[in-house]
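Colleague: I'd like to learn how to read a model like this one. Could you take me through it step by step?

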Amino acid sequence: MNSELPRWATSIALPLLNLLSALIVAAGVIYLLGESPIEALSILVQSALGNAEGFGYTLFYATTFIFTGLSVSIAMQAGLFNIGSDGQMYLGGLGLTLVMLQFDASLPAWLLIPLALMGAALFGAAWAFIPGYLQAKRGSHVVVTTIMFNFIAASLMNFIIITYLIPTGEQNPASRVFAENGWLPRLNAWLPALGDTPLNLSFVLALLCLFAYGVVVWRTRWGYALRAAGKSAHAARYAGISIASVIIITMLLSGALAGVAAMNSLAGSMHYLSLNFTSGAGFIGIAVALMGRQHPLGIFLSALLFGILIQGGADLSLEKSNIPPETFIFIQGLIILFCGAMENMYAPALARILNLKWRKNV
Amino acid sequence: MFEDFHVSSILVATIRSAPVLLFAAFAGVFAERSGIIDLALEGKMLVAAFAAAACTYATQNPYLGVAAGMLVSCCIVLLQGYVAINQKGNQLVFGIAINIAMSGLTFVLAQYFFQLGGRSPDLGAARFPVLHFPFAELWSDIAPLNWLFGQLLGGHTILVYLAFALIPCMHWLLNHSRFGLRLRAVGENPHAADAAGIHVAQTRYLALLCGGLLCSLSGAYLAIVQSGFFLRDMSAGNGFLALTAMVFGNWRPLQTALGCLMFGFFAALQIQMEGVAFPVVGQIPGSLIQMLPFVVTVVVLAGVMAKSVGPKALGVPFVKSR
C-alpha cells in the first residue's frame, strides 16, 4: 500500500509516530483526571530507568513480554491472530508447577529446571493446539476460539488451584513454594550492580529465543512456508505447502512460547503458582507484536517499552491515586489501536512530505 | 436429583438473560452484513454499561442513562468506521484494541468518580419500572396462568420487550426494506453495489451506527436492569457469545435470535446447576460450571463454522475501482 515510502519510513518513522499519537491521547486522559502528564512521565521514567534496581525490574517485566510478544508474532507471521497467549501462559505455569511439585525434592537443579521448562512449553502448546486444530480442520476462527480458551483457562485454573494445589491448612489460593533448587539463578549473582531485582536467566533465554525466531522465520525452509501461508494461503497451497500443517505447527510453537513466558515470573521470581499470575501479559504480547512489526529487534524494543510502562506505572500509581495500574491497560489498548489498526494513518502525509523534499532536490 | 431443578425458573431466567445477547448479536448482524467484522462488541457494551450506570446514578433517570450509553457507543462506532472504512485498517485488531482499551478506561473512570474499586454505587430506585399485564389480579389465583403472565411473559422491564420485538423487526428490515437490501448488497459485493449507485461508505457507516445503538442497549441492560450497578469487566465475554450466536445463526436475524436464546438457556442452566448434587459426579464446582457457555461456544464454532457462510466481503475494505 505504501510501497512508495522508503523502508526506514515504514519500519521506524511510522511506528514511532503511531506510538507518539497513542501516548498523546493517554496524556490527554491523564490531564483530564487532574494530574500533570509531564510530572507523571518524569516519575515513570525515573522509576523505570533512573536507577539500576528499577532498570532491573524493567528488564524483568520485559522478559515476560518478549516471550508473549514472540508468541503472538510467530502466529501473525502465518496470518493467525492468537489472542490466547494469556491462557496459554497460564496453562504453561501449571505445567511448570506440576513438574516442580513432583520433582523438586528429588532432582538436582540442572535437570529440574530444563524439565520444568519443557513442562511449561508442553502445556502451553497443548492449550494452543485445540484452537489451531479447529482453525486448520474445521475453519473455526482462531480469534474467537482463543478468546474462549482464555475464559476456559481462567475457570479451569481456578478449579485446579483451589481443589488440588492449595497445601492443606492454607487459605491463600496458591500452590506451595518450590524447593530452592527449582529457583532460576538471578542475574544479580553475576552483576551485583543490579541490586535486589528478580531479573533472572529467563532474560538470556528470551534473547536466545528472539535470535532463534529471526533465524527460523527468515532463514529456514519452514519459515518460508510460514510466511508464504501468512501472505497468501491460496498461493502457498498452490506451491505445495500444506496450510493445515503450517497452522497447527505455528499454533503449537506460539503456545509453547507463551507457556515458557511463565518461567520468568514463576521460577524466577514468585516460586509458586497463584491465581491470575499472568496479569494480562498475554494481551501485552499483542501490543508488543503489533508495535514491533513482528521483527526481533522491534519485539525487543516494544517489550522494553512495556517493561518501562509496567514498572514505572506501578510506582506512579502509588504516588498518584488517580492513575491506577489499570491506566496502562487503557494505554496498551491505545497502542494496539494506533500501531495495529491505524498503522498507515500517517503514511499518505509522510509520503507527501518526502515527495516534496525529493522534488526540491531535483 | 431433579427436584432442585425448576424448569419454570430456568425459562424465566432465559428470557431475562437473553436481551444482553439479542441486542449485541443484532448489532453484530448490522455491522457484519454490511461487511465489517465487529469484534469490538464487548468493548462497546462495557463502555455503554459504564456510561449508562454513571449517568443514571447522577441523574436518577434510567432513560438518560440509556441515552448516555448510546452516545458513547456511537462515538466508538464513528472511530470504528473511520478505521475500517476510511483508513482501511485491520478490523480484527481494531476490535481487540477497543476491548482492551475500554476494559482499562472504564475501570479508571469508575475509580475516579466513585472510589469503589472500579464499581459504581448501587442505582437503587433509579431503574426501569417493571411492566405488568393489565388485569393480572384476575387470574392470580390460578398458578399456571399466574406464572405465565406474571413471570414468563409479564413482569419484565421495557428493554426485554424491546429486545424481543426487535426479532421480527430485524428480519423485516434486513430482508424486505430498501435499507436492508442495500446493506446486504454492500456486504456481499461492494463493487456491484457501487456500480448500482449505492454509496458504500455511507451505507456501512449507517449500519455501524444502527449496531452501535443496539450494542449500547445491551450494555445498559447489563448495568441498569440486570445488576443495578457497574462492575469492572462486567460484559464478561457476552460480546463474543453474541458474535458466536450470530455465526451460529448464519448471520440471519431469526436464526441468530435462536442462537441467543440457546446461550441464554445455558446461562440460566449454569446458575441452576450450582450447588446441585448430580448422580455419579456429585456436586460440580462453580468454577467448572462457569466454563459452560465458553465450551458451548467452541463446540458450536467447531460444529457449525464449516457449514455457515458469512457475507462475502466481510472484513475486506472497499477500494473504489476506476
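Modeller: Gladly! Of the 362 residues of chain A, 53% count as buried. A residue is buried if 20 or more other C-beta atoms, placed from the backbone, lie within 10 Å of its own; with 12 or fewer it is exposed, and in between partly exposed. This is a predicted model, where local features need pLDDT of at least 70 and side-chain atom pairs count only at pLDDT 80 or more, while totals for chains, interfaces and linings use all residues. Residues are numbered from 1 along each chain as its sequence is written, with chains lettered from A and ligands numbered from 1 in the order in which they are written.

Colleague: How many helices and strands are there in chain A?

Modeller: Helices (H or I, at least four residues) and strands (E, at least two) are DSSP runs, numbered from the N terminus. Chain A has 14 helices and 0 strands.

Colleague: Which residues does Gly89(B) touch?

Modeller: Contact means that two C-beta atoms, placed from the backbone, lie within 7 Å. Leaving aside residues up to four places away in sequence, Gly89(B) touches Ala341(A), Met342(A), Val83(B), Ala84(B) and Phe94(B).

Colleague: And where is Gly89(B) placed in chain B?

Modeller: In the loop between helix H3 (62–86) and helix H4 (91–114). Gly89(B) is buried, since 22 other C-beta atoms lie within 10 Å.

Colleague: What separates the C-alpha atoms of Gly89(B) and His156(B)?

Modeller: They are 67 residues apart along the chain, and 41 Å lies between those C-alpha atoms.
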